[in-house]
Amino acid sequence: MQRQLTAIIEREGDGYVSLCPELDIASQGSTIEDARENLREALELFFETASPEEIKQRLHEEVYVTRLEIAVG
């Protein structure tokens with residue numbers, strides 16, 4: 001079964017941190033591609049080892065990523 005999840009990747013120091021907000025699972029890598037693949041691996045491991053109850057409890061079906069404009073200063 002295939003599932004589409006969100007990957008948010010941001011620079012942190014000399015590397016990149018990746019986060020899946022639907023499950024609150026994170027990983028990292030030295031490049032964007034590494035961070036993305038490491039997150040994919042972490043998510044696949046989670047689905048292989050987690051019980052159906054844990055998956056149901058952690059999974060947020062609706063996640064929205066958007067930008068806000070705010071006043072600063």
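Contact, as the term is used here, means heavy atoms within 4.5 Å, while helices (H or I, at least four residues) and strands (E, at least two) are DSSP runs numbered from the N terminus. The model is a predicted one, in which local features need pLDDT of at least 70 and side-chain atom pairs count only at pLDDT 80 or more, whereas totals for chains, interfaces and linings use all residues. Residues are numbered from 1 along each chain as its sequence is written, and side-chain values use heavy atoms, with hydrogens and water left out.

| Strand pair | Bridges | Opposite residues |
|---|---|---|
| E1 (residues 8–12) and E2 (residues 15–20) | five bridges | Glu-10 and Val-17 |
| E2 and E3 (residues 25–29) | five bridges | Ser-18 and Ser-27 |

E1 and E2 form a hairpin with two residues between them, and Gly-13 in that turn has a positive phi of about 65 degrees. In the hairpin of E2 and E3 four residues lie between the strands, and Asp-24 in the turn has a positive phi of about 55 degrees.

Buried (under 20% relative accessible area, with exposed over 50% and partly exposed in between, for a 1.4 Å probe and protein chains only) describes Ala-35, Leu-39, Leu-43 and Phe-46 of helix H1. Seen down the axis of H1, these buried residues fall within an arc of 70 degrees, so they line one face of the helix; the arc is that of the directions from the helix axis to the C-beta atoms. Their cover includes E1, E2, E3 and helix H2 (52–58), whereas the face of H1 turned away from the buried side carries the exposed residues Glu-33, Glu-41, Glu-48 and Thr-49.

Conventions. Two strands pair if DSSP finds at least two bridges between them.
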